[in-house]
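The following paragraphs lead through the relation between two chains and the interface that they form. Please keep the sequence and the structure in view while reading.

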Number of protein chains: 2
Amino acid sequence: MNKEELGYRKYRMEGGDGPCSYRQNSNYQKLSLDSAKELMNELIDQNLDLRNSYNVCPLDTFRIADFGCSVGPNTFIAIENIIEAVRNKHKSMNLESKIPEFQVFFNDHVDNDFNCLFKNLPSNRQYSAAGVPGSFHRRLFPRSTLHFAHCSTSLQWLSKVPEEVTDKNSPAWNEGRIHYGGAAKEVKEAYFIQYGKDLDSFLSARAQELVPGGLMALIIMGFPEEAQLSESILGETFKTLGSCLQDMATEGIIEEETVDSFNLPFYYPSASELETLVEANGLFEMERTEELVTPIKRQKPDVRAAALHLRAVLGGLIKEHFGEGIVDGLLKRHFEKFVQNPIVSDQNYIKEAHYFLFLKRKMDLPTPWAGQS
Amino acid sequence: MNKEELGYRKYRMEGGDGPCSYRQNSNYQKLSLDSAKELMNELIDQNLDLRNSYNVCPLDTFRIADFGCSVGPNTFIAIENIIEAVRNKHKSMNLESKIPEFQVFFNDHVDNDFNCLFKNLPSNRQYSAAGVPGSFHRRLFPRSTLHFAHCSTSLQWLSKVPEEVTDKNSPAWNEGRIHYGGAAKEVKEAYFIQYGKDLDSFLSARAQELVPGGLMALIIMGFPEEAQLSESILGETFKTLGSCLQDMATEGIIEEETVDSFNLPFYYPSASELETLVEANGLFEMERTEELVTPIKRQKPDVRAAALHLRAVLGGLIKEHFGEGIVDGLLKRHFEKFVQNPIVSDQNYIKEAHYFLFLKRKMDLPTPWAGQS
């Protein structure tokens with residue numbers, strides 16, 4: 001197993017159906033999907049060109065891929081929304097008899113629990129289903145074979161923690177912290193550079209896989225312009241987690257060095273950063289960027305639900321870095337410390353943002369992408 | 001979970017990588033693949049029409065599906081053989097620059113261990129890979145999207161045990177046996193009727209999924225014309241297994257009734273039965289039928305390897321019917337009884353046959369298949 005594959009292993013959601021699984025603790029992500037549904041319908045209606053968009057093949061089959069699908073159920077909801085919008089467009093153009101068959105590809109890392117995903121596939125689904133294992137930072141499909149790509153609340157995961165932040169000789173060394181919130185500006189810059197590389201790989205791979213004019217909807221966890229991550233609930237969550245790890249090191253439960261080398265592989269871009277990165281990639285037209293208004297925006301944090309969610313998302317990372325034993329103890333400490341944080345009773349705390357991006361693959365790809373495998 | 005899904009659950013190979021797994025005990029199936037390789041190359045060379053066969057889409061992508069793939073490694077070998085033959089054909093026609101990209105779909109029941117399959121995917125593969133869960137007796141792909149279908153040593157599995165053989169009031173009631181070898185002719189007839197229905201469902205689904213002129217290679221475990229299954233090593237194996245179950249019932253370890261209701265869902269057709277069934281289905285041209293000459297034909301049985309193979313294939317069935325506890329004990333008894341059988345030292349015992357069928361999907365499907373989803 002090479003280093004990169006090892007990296008992928010860490011970055012998976014908690015599998016199965018149990019009370020700690022991602023499947024049972026992904027309602028947070030579902031709220032973004034619900035908020036995006038109407039937008040999706042509107043933008044597919046505006047941008048799906050039933051005559052020209054599918055110039056690779058007479059359109060008998062409409063192929064959709066969800067990148068970073070996890071084990072469900074959110075991925076199934078997203079797919080249903082897309083299919084419904086494509087059907088609606090056909091109906092509105094009096095092309096109901098031409099509605100294609102749908103083939104749907106569910107992608108995630110090779111360590112995703114695909115057995116669980118497949119068992120959860122809706123039994124009344126109106127599409128052919130397939131699972132595609134592998135990192136979405138690379139090509140996963142043959143050239144020009146997808147008509148719609150979707151990726152929801154997955155792109156905040158970096159393909160790796162930027163090396164500088166664990167390098168004692170770098171100005172970006174992130175001593176005593178596990179994330180860039182509240183750290184020196186060099187730390188955040190290192191994270192941003194890695195995010196830029198990863199998003200560029202993602203967009204370049206998708207541009208080759210999508211047909212010319214093919215559509216892509218991204219729901220991206222980001223952060224409001226000008227706000228400080230360290231003053232947000234997310235920043236506080238990570239800061240508390242870091243301090244619990246420090247406590248455990250002080251008590252001799254884990255090694256100080258293991259804590260120093262632990263950094264969370266997440267980056268939360270602003271809307272303008274996203275626009276800059278999509279523009280720099282150059283392979284897509286940006287049809288729309290919107291910040292989704294999710295119910296989370298108006299709620300006080302639910303600390304218990306957040307703790308379970310944190311476990312589902314971070315459990316694998318923590319196990320991989322510190323070993324099996326500490327997950328329960330660490331998250332218990334985190335919960336006990338975090339409920340006392342004044343931020344949890346503040347309805348107006350700063351929240352992360354969910355950006356909805358709707359992109360169209362350019363009709364002609366510039367060199368060197370044209371024809372490249 | 002409905003009854004049919006329950007049926008599928010029983011019919012899976014032992015997952016994972018352990019010493020009892022199908023993955024570690026499928027060398028028997030590999031021998032057929034090796035024997036078929038040359039034939040495959042020859043028949044793809046003869047039948048792959050690079051101008052007309054792919055009239056659904058300009059051929060940028062060549063789509064291959066392996067039905068009943070299990071967890072590897074045999075499925076990967078089969079796919080490599082097919083891709084190599086398609087490449088060879090391009091080279092021999094001086095069309096090397098037109099070699100398409102390959103997209104490969106690995107199909108098996110939803111209870112197959114796809115996580116294991118995905119982890120075993122060759123890292124140097126020259127194709128895009130996807131897993132497709134579901135019974136191959138139904139449609140799994142959109143219309144006219146596959147160029148090549150493959151299915152090796154899987155079609156002997158019936159979708160269910162024919163009901164009559166467990167019905168005390170039927171002339172096909174299979175009292176005191178777990179298979180049709182040595183049973184009344186009505187038992188074998190009931191098995192054959194079920195096999196015919198299942199093969200027809202398989203062929204009809206594939207005919208819709210393949211492009212007109214699309215190719216299909218089947219390696220079918222069958223039995224020589226006129227030979228008696230009961231006089232073969234396979235028949236003796238099942239007979240011994242049945243008698244061990246009877247012993248365990250006599251000793252009160254399992255219920256007599258549970259033994260009576262246990263029948264193996266396998267049928268081994270003759271070459272002429274296969275020809276009759278493919279002809280009756282009517283959706284494919286039969287380009288070739290051959291009996292493969294595998295090294296097994298010239299070997300004395302290796303009882304220890306056969307025991308592990310038996311466990312990998314039947315372990316799931318036995319667990320499902322009798323519960324977790326009895327598998328070890330039953331297979332130990334079987335081994336001890338079977339090594340004493342004179343057939344295991346007889347180099348000329350009757351062996352099962354492996355038939356290689358090479359089919360071409362007819363250019364026009366008759367009603368009611370044309371356009372049916």
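How many residue pairs are in polar contact between chain B and chain A? The count is twelve residue pairs, both residues at pLDDT 80 or more; a polar contact is a pair of N or O atoms within 3.5 Å, where within protein one must be able to donate a hydrogen and the other to accept it, and residues adjacent in sequence count only if both atoms are side-chain atoms. In chain B, β1 (61–67), β2 (101–108), α4 (114–120) and β3 (128–133) each supply at least two residues of the side that touches chain A, and β3(B) gives the most, with six residues. Helices (H or I, at least four residues) and strands (E, at least two) are DSSP runs, numbered from the N terminus.

This is a predicted model, in which local features need pLDDT of at least 70 and side-chain atom pairs count only at pLDDT 80 or more, whereas totals for chains, interfaces and linings use all residues. Residues are numbered from 1 along each chain as its sequence is written, chains are lettered from A and ligands numbered from 1 in the order in which they are written, and side-chain values use heavy atoms, with hydrogens and water left out.

Between chain B and chain A there are six salt bridges, each a side-chain nitrogen of Lys or Arg within 4 Å of a carboxyl oxygen of Asp or Glu. In one salt bridge, the side chains of B:Arg143 and A:Glu101 meet at 3.6 Å, N to O.

Chain B can be laid on chain A with an RMSD of 0.0 Å by a turn of 180 degrees and a shift of 0.0 Å along the axis (least squares on the C-alpha atoms of residues with pLDDT of at least 70 in both). The two copies are therefore related as by a two-fold rotation axis.
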